[in-house]
Amino acid sequence: MEEKFIDALKEALEMEDQEVNFSDNFRDYDTWDSLSRLSLIAVLDSEFDVQIEDAEFAKLVTVEDLYNAVAAKQ
Amino acid sequence: MALLEFKNIGIKGIAAAVPKTVINNYEYTRYFPAEDVKDIVDKVGIYERRFADEDTCASDLCYHAAEKLIEDMQIDRSEIDLLVFVSQTADYRMPATSIILQDRLGLGKNTIAFDVNLGCSGFVYGLSIVYNFVQQQGIRKALLLDGETRSRVYSPKDRKTAFLFGDGGIAALIEKDEAFGKSWFSLNSDGSRSSLIKMDAGGYRNPSTPETLKEKVVDEHGNIRTDEHGYMNGADVFNFVLAEVPKDIKKTFAYAEADMSRPDFFVFHQANSYMNEYLQKKLKLDAEKVPASVGKFGNTSSVSIPLTIVSELQGRLQGEKELFLCGFGVGMSWASALIKTNNCHVSDIVEI
């Protein structure tokens with residue numbers, strides 16, 4: 001599931017050619033903005049059937065936090 | 001379980017009016033840099049919108065749509081027994097705008113007239129209310145008017161909403177006819193999410209004061225609005241739609257004992273192209289069956305479903321057609337309907 005998650009995140013942020021690590025702060029990525037947030041919502045829904053509401057999302061900092069939040073809803 | 005079934009009632013004809021002023025979204029750059037605007041416009045897929053001038057209300061757009069429909073269909077005004085006006089941008093706090101429209105349209109004093117205050121779900125809700133009344137023998141013809149001047153609700157300095165909304169008004173004639181057969185509705189509400197799309201002040205909870213009319217920076221992105229502007233948490237609205245709308249669609253089809261391949265068209269509330277195209281893919285719908293008008297009219301709240309019918313389905317509703325309608329948004333409130341039309345009259349769009 002980790003690999004599938006990283007692929008989904010790369011797709012949402014249009015980062016297919018870049019390295020993504022669990023320790024990264026995803027908001028620091030160049031392509032991160034409120035519009036890529038919509039892409040992330042779509043890809044988490046289509047790949048994992050998961051929704052993360054704003055209040056919870058605001059507390060997530062690293063790629064690992066995001067992964068754990070998705071995994072917890074599986 | 002708010003599921004409704006009707007028999008032999010339907011939409012005989014429909015007309016729409018939009019303001020003639022076209023806003024080109026790529027050029028809507030007064031408050032934001034052009035490259036930011038381009039990113040937003042490309043993402044939401046809203047290229048043009050219509051803005052009413054300051055003298056034009058939602059009711060004016062509906063009035064012109066109704067006059068067009070009455071003229072095109074040669075409707076006898078004395079047979080209209082019900083007028084429902086759906087809007088969240090009414091003329092006055094009181095009286096109800098529908099009653100002003102009853103007089104303006106030359107309808108008799110024995111007309112039932114009232115307003116319905118709902119947003120994006122409003123057309124489907126309004127239709128269900130009108131279908132209920134039309135079951136009565138005493139109701140011959142009903143007019144459902146649905147109008148919005150949503151352009152005035154949101155701040156042009158808040159990038160979360162500045163590029164999405166537009167204005168429009170429609171009129172639909174609803175009558176009994178055995179040719180319509182059965183129709184099914186599902187209506188829903190979730191007030192726990194009322195703060196996702198909201199205007200905080202200007203009502204009776206937080207009355208209008210000089211303070212509520214002051215512009216303020218409201219977030220870390222520098223977006224600016226007053227307490228009397230609407231605001232929207234777009235991410236959570238999207239989450240809400242993904243969690244609730246597909247479920248409601250499946251529920252409605254199960255109630256109707258119909259397969260999702262059956263409708264000729266799926267007409268969704270036109271929120272933005274990104275969300276609507278995702279929804280279409282998620283539901284595995286044939287793009288040919290999912291008309292869209294959001295690119296040229298933007299999000300017109302409750303008006304977007306009927307405006308899409310007028311703008312995209314004119315000439316495509318000959319004979320018997322089955323339409324699936326689904327509206328979702330402010331409230332939160334959402335509603336689905338599976339309805340039939342039979343040679344539905346669709347007037348040319350009127351520009352005011």
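**View 1. The hairpin of S15(B) and S16(B), with Gly331(B) between its strands.** In the hairpin formed by S15(B) and S16(B), three residues lie between the strands, and Gly331(B) among the hairpin residues takes a positive phi near 150°. Helices (H or I, at least four residues) and strands (E, at least two) are DSSP runs numbered from the N terminus. This is a predicted model, in which local features need pLDDT of at least 70 and side-chain atom pairs count only at pLDDT 80 or more, whereas totals for chains, interfaces and linings use all residues. Residues are numbered from 1 along each chain as its sequence is written, while chains are lettered from A and ligands numbered from 1 in the order in which they are written. The peptide bond from Gly331(B) to Met332(B) is cis, with omega near 0°, and Met332(B) is found in the loop between strand S15 (320–329) and strand S16 (333–342) of chain B.

View 2. Five strands of chain B make up an open sheet with mixed pairing, in the order S1-S9-S16-S15-S14. Its edge strands, each of which pairs on one side only, are strand S1 (3–7) and S14 of chain B. Direction ignored, neighbouring strands of this sheet are turned by 20° against each other on average, the axes being lines fitted to C-alpha atoms, for helices over the stretch in contact, with angles that run from 0 to 180 degrees between N-to-C directions. Strand S9 (residues 182–189) of chain B pairs with S16(B) in the antiparallel sense over six bridges, and Asn188(B) has Trp334(B) in S16(B) as its bridge partner. S14(B) and S15(B), by contrast, run parallel and are joined by four bridges, with Phe268(B) partnered by Cys326(B) in S15(B). Because nine of the 10 residues of S16(B) are buried, this strand is largely enclosed by the rest of the structure; a residue is buried if 20 or more other C-beta atoms lie within 10 Å of its own, exposed if 12 or fewer, and partly exposed in between, with C-beta atoms placed from the backbone.

View 3. Glu257(B) is exposed, with 8 other C-beta atoms within 10 Å. Asn343(B), also a residue other than glycine, has a positive phi near 50° and is found in the loop between S16 and strand S17 (345–346) of chain B. With 12 C-beta neighbours inside 10 Å, Asn343(B) counts as exposed.

**View 4. The contact of helices H2(B) and H3(B).** The axes of helix H2 (residues 58–73) and helix H3 (residues 97–104), both of chain B, come within 11 Å and cross at roughly 35°. This crossing of H2(B) and H3(B) is right-handed, a term for a near helix turned clockwise from the far one by less than a right angle, left-handed being the anticlockwise case. On the side of H2(B), Ser59(B), Cys62(B) and Tyr63(B) meet Thr97(B), Ile100(B), Leu101(B) and Arg104(B) of H3(B), two residues being in contact if their C-beta atoms, placed from the backbone, lie within 7 Å. The peptide bond from Met94(B) to Pro95(B) is cis, with omega near 0°, and Pro95(B) is found in the loop between strand S5 (80–86) and H3 of chain B.

View 5. Leaving aside neighbours within four places in sequence, Ile170(B) is in contact with residues including Ile14(B), Cys62(B), Asp146(B) and Val310(B). Val18(B), which lies in strand S2 (residues 9–18) of chain B, counts as buried, with 29 C-beta neighbours inside 10 Å. Val18(B) and Gly168(B) are 150 residues apart in sequence and 4.6 Å apart in space, C-alpha to C-alpha.

Note on methods:
Two strands pair if DSSP finds at least two bridges between them.
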